[in-house]
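These are my notes from going through one model.

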Amino acid sequence: MKFDIPATQNPIDRQIVVGQPRDRVDGSLKVSGTARYAYEQYDAVPNQAYGYVLGAAIAKGRVASIDLKAAKAAAGVLAVVTAKEAGKLGKGRRNTAKLLGGPEIDHYHQAVALVVAETFEQARAAASLIRVEYAPGKGSFDLEAAKGRAVKPPDEGSNPTDTSVGDFSGAFASAPVTLDQTYTTPDQSHAMMEPHASLAAWEGDKLTIWTSNQMVDWGVTDLAQTLGIPKSNVRLVSPFIGGGFGGKLFLRADVLLAALGARAAKRPVKVALQRPLMINNATHRPATIQRIRIGATKDGKITAIGHESWSGDLPDGGPEVAVQQTRLLYAGANRMTAMRLAVLDLPEGNAMRAPGEAPGMMALEIAMDEMAEKLGMDPIAFRALNDTQVDPEKPNRPFSLRRLDECFKVGADRFGWSRRSPQPAQSRDGRWLVGIGVAAAFRNNLVMKSAARVRLDANGIVTVETDMTDIGTGSYTVIAQTAAEMLGVGLDKVVARLGDSTFPVSAGSGGQWGGNSSTAGVYAACVKLREAVAQKLGINSTEAVFAGGEVRAGNRSVPLALAAETGPLVGEDVLEYGDLNKTHQQSTFGAHFVEVGVDIATAETRIRRMLAVCSAGRILNPKTARSQVIGAMTMGAGAALMEELAVDTRRGFFVNHDLASYEVPVHADIPHQEVIFLDETDPMSSPMKAKGVGELGICGVGAAVANAIYNATGIRVRDYPITLDKLLERLPDAA
């Protein structure tokens, strides 16, 4: 099915099942512990062995020698795999560094060996017996120090490195009111609960991998390329994922080493990355240095806006695209954005929790508040004055749907914005300085083609198959809801089967594109099945109404199951997108409101209230969507107040590489959270008229927290996270 004209009325609009706050269909499996994650596939294949990964103890250099003798002789050891034993390996297109290092080392904790043994404990003990001698090299590990050597990275498709409209320099220089500030965000880790884990089994030259991976087809493609085998010889299965956040978009060392270990041991092998390797071996969000300049007239109209960002990555890596939202969020005739990339020999930087907009909004939305203060304007009024209904860089390209101003209005009314003191450090609640902050929420709506297969059997059961994954986002549920709505049956009559590369290729879970695109693929497959059912029953498909487990046309009503009494009927299709996302800018919008208290004596910061108002097209399931947004708000709070990977700039590794020292929010850190979804549809987005919503919930939260802290204390912090040491010496007098 080609989606190249705006969606008109279709069965989804009935919203009998879609659009309703349904419980997760996989919820009982998860709360009962019967949902099998990658490392828990105990009965998938017999005779499973255990692998343990040894990571490099240097960040750059070479393996001078490696002694495996003691490890191979240890109790229970079945095989030891290093780069030498593995032989020639390729590298997946989506991997920056090799997944198995040696003799060259690309980054700290790069895998250099895998020990396979009968038990996990035996594998771990044997790995400690491997003796590696290194020849360390000189590396670059400090973004601030490397900033001067940063270069313009190559453009990637429709996302250019630099953009320029009008005369930014001239307009900024002549603006009556200007802002020129620099903001920094630190390296951050995904810290998902489930580690990167895989179970590999060979049957002849065919490989099956049970793993935790967000993008099944990407994983198959890159694993086949790395091993040098046909893609058709690889099956990847990923039915449940215990958190991904972008860290499981790409092939990681556990997948490759499980496959190599299973080949060497000649039996199935399971591998889970230890927590330190999850942080130093897998991907992370890279640090940024961001300079923002804004020029405006005295009445608040932006005349010049510029955003430059510096980040670092391994050779052949890419930048953190922190300037993306500045290209689209606010009006202004003269504009400039630029990204620069420095080579850093730290673990690979890549997608994490709304890459680009999340760290970019942490800077831009503080800058907007600072500019509003310079102008003597209310921060919401300043944003509203510079709202736009067209792409500011391409004014002939309108937004498909943009209700940012309404998000602010609804949120301000609900949160009590009018009670906020415009003067900072004016509100007290006992020992607490109290402040309220706001920030825009913004995330682009990405669309990707997606396929599905839908089967109807003689019992009236509808089975959906697609390689789409569920990373805790509710994919099982919204996909089942889509099929139920399209075929006119209850959720109890739908079975969703996901995360298997033998199923049709979906959009996968990432970039906020998964839910809308994957359900659109199911929609397309259901249209095919509806046509097959109507033909089987002798009903004109254009007149057929699927409802209540029946197919109706005129005065005729036939049970749906009757169409499959002589054998199952199958519909399969792929939803492909035309140029609507090119002729119209598709984005999601929102407003974040935060109230904080800052202890007048200790500078301890506590979030007291949070509100997100979201404009994201049709909400397919308000209950699962709310869970998405409050989870994202929690991550935004963590990014603002505590999350930071401490870099050892001498030896090139992240020091706090465990959950004891890498701090993330816990229940006591997060108060009541409220989420409001504007009632809307976007026909330009897909037949579902929906958009992604999960990552919108994090974009802007950090700045809303920072702005609330400023309102509470009068202290402006531009370097995240906002820890108490950055506030303590500048607190107002406690009297």
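**Backbone entries**

I looked up H109 and found it in the loop between strand 5 and strand 6 (111-117); helices (H or I, at least four residues) and strands (E, at least two) are DSSP runs, numbered from the N terminus. The model is predicted, so I took local features only at pLDDT of at least 70 and side-chain atom pairs only at pLDDT 80 or more, while totals for chains, interfaces and linings use all residues. Residues are numbered from 1 along each chain as its sequence is written, and side-chain values use heavy atoms, with hydrogens and water left out.

H109 has a positive phi of about 60 degrees although it is not a glycine. Is H109 buried or exposed? At 11% relative accessibility H109 counts as buried (buried is under 20% relative accessible area, exposed over 50%, partly exposed in between, with a 1.4 Å probe and protein chains only).

Q15 is another non-glycine with a positive phi, about 50 degrees. I placed Q15 in the loop between strand 1 (2-3) and helix 1 (27-32). Its relative accessibility is 31%, so Q15 counts as partly exposed.

I noted a cis peptide bond between G102 and P103, with omega about -5 degrees. P103 sits in the loop between helix 3 (83-86) and strand 5. The bond from Y720 to P721 is also cis, with omega near -5 degrees, and P721 lies in the segment after helix 17 (701-713). For background, most residues other than glycine have a negative phi, and most peptide bonds are trans.

I traced an open, antiparallel sheet of three strands in the order 5-3-7; two strands pair if DSSP finds at least two bridges between them. Strand 5 (104-105) and strand 7 (131-136) are at the edges with a single partner strand each, so one side of each has no neighbour in the sheet. Strand 3 (residues 61-67) is joined to strand 5 by two bridges, and G61 stands opposite I105.

I then traced five strands in an open sheet with mixed pairing, in the order 19-20-28-29-32. Its edges are strand 19 (428-429) and strand 32 (673-677); each has a single partner strand, so one side of each is left without a neighbour in the sheet. Helix 12 (residues 404-415) packs on this sheet and touches strand 20, strand 28 (587-599), strand 29 (605-615) and strand 32; contact means heavy atoms within 4.5 Å.

**Core entries**

Which residues have the most contacts inside the largest nonpolar core? They are I294, L329 and F593, in a core of 88 residues. Such a core is a set of buried Ala, Val, Leu, Ile, Met, Phe, Trp, Tyr and Cys residues joined through side-chain atoms within 4.5 Å. Helix 10 (residues 357-375) gives the largest share of this core, eleven residues. A second, separate core has 55 residues, including F240 and V558.

**Ring entries**

I found 13 aromatic pairs; rings of Phe, Tyr and Trp (its six-membered ring) pair if their centres lie within 6.5 Å, with planes under 30 degrees apart stacked, over 60 edge-to-face and the rest tilted. F399 and F589 have ring centres 5.5 Å apart and planes at 75 degrees, so the pair is edge-to-face. F399 and F589 are 190 residues apart in the chain, and both are buried.

The charged end of R402 sits over the ring of F399, 4.9 Å from its centre; this requires NZ of Lys or CZ of Arg within 6 Å of the ring centre and within 35 degrees of the ring normal.

Methods: Axes are lines fitted to C-alpha atoms, for helices over the stretch in contact, and angles run from 0 to 180 degrees between N-to-C directions.
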